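Visitor: I am new to this structure and would like to learn how to read it. Could we go through it one feature at a time?

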Amino acid sequence: MTVYHSEPAPCSVHARVDSLCTQIADSLGEQGWCVTPQFLSPALVAQARDELEAHWQRGDFRPAGIGRGASLQLKTSVRTDWVRWLDPLHCEPAHQHYLAALEYLRAAINRSLYLGLVEFESHLAVYPPGTYYRKHLDQFRDMGTRSVSCILYLNDAWQAADGGQLRIYTDARNDAHYQEILPLGGQLVTFLSTRFLHEVMPATRHRMSITGWFKTRG
Ligand code: OGA
Ligand code: MN
């Protein structure tokens, strides 16, 4: 039997996201990390950026900490970015749209990798010029339920000279092996949270993103 695969109709946003998510899940299975340009349309990225900037202007962000709950600490030697946690029921429309798109990714990963992902937690992040997040793993020492890290960048016309690369160490035994990814607007980076040390290099411009984690029940 011949099966003909056709591209989804242009208006079929969901079919496009669904097929991107299947590709991401495959690539997480194969190499453990994935870079997807234009995960969201330029219009949605611009809207999500505006929504983030409005919160930033209003002073709705806090300096990011390390750990959680009672053990939350500010460690400026480790990270100096600013965050605002997203409440999925009350966040802005484009942010909600992104969270809805990630439900396809959660389903695709569960289908192909059987990770049993049950929820997503995320925050908006701003790295003002010169700020950073040193080499780290996305796991709390006391609670290892973060399973897949997802970062969507919201920056307009980012250039290599602006810095702010995400550096992913691809070989745990050799620091010289890494990939550097520019925070290009609309680009989604995903990786297995327990497997890859990574760091955020300082930039010369405000660097904006939505960073989140799919979690297992634990
Ligand atoms: C993080 C993180 C990477 C990035 O917030 O844990 O590693 O590129 N962010 O913003
Ligand atoms: Mn991280």
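Visitor: Which residues does T211 touch, not counting residues up to four places away in sequence?

Guide: Bear in mind that this is a predicted model. To read a residue's surroundings, set aside its sequence neighbours and list what remains. For T211 the list is E121, S122, H123, A125, C150 and I151. T211 itself belongs to strand β11, residues 207–216.

Visitor: Is T211 buried or exposed?

Guide: The general idea is to compare the relative accessible area with a cut-off, and buried means under 20%. T211 has 13%, so it is buried. T211 is also one of the residues around ligand 1.

Visitor: Which other residues are around ligand 1?

Guide: Besides T211, they are Y127, Y133, H136, D138, I151, Y153, L166, H198, V200, R207 and W213. An oxygen atom of ligand 1 lies 2.6 Å from an N or O atom in the side chain of Y153. For the side chain of R207 the corresponding distance is 2.8 Å, and for that of D138 it is 3.2 Å.

Visitor: Where is D81 found, and what does its side chain contact?

Guide: D81 is in the loop between β2 (62–63) and β3 (82–85). Its side chain makes a polar contact of 2.8 Å with the side chain of R79. With a relative accessibility of 1%, D81 counts as buried. Leaving aside neighbours within four places in sequence, D81 is in contact with R62, P63, A64, A125, V126, Y127 and Y132.

Visitor: How far apart are the end C-alpha atoms of helix α1?

Guide: Helix α1 (residues 13–31) has 19 residues, which at 1.5 Å a residue should span 27 Å; the end C-alpha atoms are 27 Å apart, so the two agree. Next, see which residues are buried: in α1 they are V17, L20, C21, I24, A25, S27 and L28. These cover an arc of only 165° around the axis, so they are on the same side of α1. What covers them includes β1 (33–36), α3 (93–113), β6 (146–153) and β9 (188–192). Just after α1, G32 has a positive phi of about 90°.

Visitor: Which residues of α2 are buried, and which are exposed on the other side?

Guide: The buried ones are L44, V45, A48, R49, E51, L52 and H55. Seen down the axis, they fall within an arc of 160°, so they line one face of α2. On the other side, P42, A43 and Q57 are exposed. The buried residues pack against β3, α3, β4 (117–127), β6 and β11. Just after α2, G59 takes a positive phi of about 75°.

Notes:
Residues are numbered from 1 along each chain as its sequence is written. Chains are lettered from A and ligands numbered from 1 in the order in which they are written. This is a predicted model: local features need pLDDT of at least 70, side-chain atom pairs count only at pLDDT 80 or more; totals for chains, interfaces and linings use all residues. Side-chain values use heavy atoms; hydrogens and water are left out. Helices (H or I, at least four residues) and strands (E, at least two) are DSSP runs, numbered from the N terminus. The expected span of a helix is 1.5 Å times one less than its number of residues. Buried means under 20% relative accessible area, exposed over 50%, partly exposed in between (1.4 Å probe, protein chains only). The arc is that of the directions from the helix axis to the C-beta atoms. Contact means heavy atoms within 4.5 Å. A polar contact is a pair of N or O atoms within 3.5 Å; within protein, one must be able to donate a hydrogen and the other to accept it, and residues adjacent in sequence count only if both atoms are side-chain atoms. A residue is near a molecule or strand if one of its heavy atoms lies within 4 Å of it.
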